Amino acid sequence: MPGLIGIGVGPGDVDLLTVKAVKAIQNADIIMCPASNEDRPSIAFAVVSPIIDKSKNQEIVKLIFPMTKDKDVLEATWKKNAKIMAQTVLSGKNVVYLTVGDPFLYSTWIYMHRDLKENYPDMDISVIPGIVSMFTFAAKVGVSIAEGAEKVAIIPSCYDLSSVKEIAKNSESMIFLKDGRYFDKVIEVLKESGFPDNSIFAIGQDLGTENEIIRKMTLGEVNDDTLTTKYFSILVVKRV
């Protein structure tokens, strides 16, 4: 029976794909993946490319998601791409949609899934979770995300510094995802919120790729050379 599967491909290392994800990708008629424009490669597809059997001649469809904060543009894009997915499935194809990390954490899949469930309620849709960057990063750095009764805050790239300050006052661990271009702005906010200089400070970019960079130090040791400006970055700060 034709259907659609949303697949989390993890942070970038093909070896971190689940067995279930590999099977679904290899059995799909069509592989759909996101990209910011027609001329740019899909990062999600790049992760899975080593497991693609080229002899099967699977069709690869790149869905475009422009990098914008314009809500109207975003909503129109989600609807357009959801319709492409639905029409392909309804034509009798087994389709997988790839997304970096997990489909239900800060992913475009969330909005398309919502639209598909509303407009195509009888369509067969399932999701295969992926390992998210914060857990991969914690394993590489050797730092616990949370222990005991500790509270964790996860902050996306589009955060407002005033809210970050309030959240930081009540969290033992802070995880900043996605956009390293903002990281320099949070250092003082963290200090003002009571994170001491001996707090663990770990930063990474391009996890699971040949360009991976990971640095671990204390908050008090941070300087401009420590930070990253890459979009796919992660920052973890933890009180000790």
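Start by selecting the open sheet of five strands, which runs in the order β6-β7-β10-β8-β9 with mixed pairing. At its edges you will find β6 (152–155) and β9 (213–218); each has a single partner strand, so one side of each lacks a neighbour in the sheet. On average, neighbouring strands here are turned by 10° against each other, direction ignored. Axes are lines fitted to C-alpha atoms, for helices over the stretch in contact, with angles from 0 to 180 degrees between N-to-C directions. Helices (H or I, at least four residues) and strands (E, at least two) are DSSP runs, numbered from the N terminus, and two strands pair if DSSP finds at least two bridges between them.

Before moving on, note that this is a predicted model: local features need pLDDT of at least 70, side-chain atom pairs count only at pLDDT 80 or more, and totals for chains, interfaces and linings use all residues. Residues are numbered from 1 along each chain as its sequence is written, and side-chain values use heavy atoms, leaving out hydrogens and water.

Next, colour β7 (residues 173–177) and β10 (residues 233–238): they run antiparallel, joined by five bridges. S173 has K238 as its bridge partner in β10.

Zoom in on S171, in the loop between α6 and β7. Is S171 buried or exposed? S171 is buried, at 5% relative accessible area; buried means under 20%, exposed over 50%, and partly exposed in between (1.4 Å probe, protein chains only). The S171 side chain reaches the backbone oxygen of I167 at 2.9 Å. Beyond its neighbours within four places in sequence, S171 is in contact with K151, A153, F195 and R239.

Then look for the seven salt bridges of the structure, each a side-chain nitrogen of Lys or Arg within 4 Å of a carboxyl oxygen of Asp or Glu. One of them joins D115 to K79, with the closest N and O atoms 3.1 Å apart. D115 sits in helix α4 (residues 108–119) and K79 in helix α3 (residues 71–90), 36 residues apart. D115 is buried at 11%, while K79 is partly exposed at 49%.

For a last stop, select E147, E150 and K238, which a network of salt bridges links.

How values were computed. Polar contact = N/O pair within 3.5 Å; in protein donor to acceptor, adjacent residues only side chain to side chain. Contact = heavy atoms within 4.5 Å.
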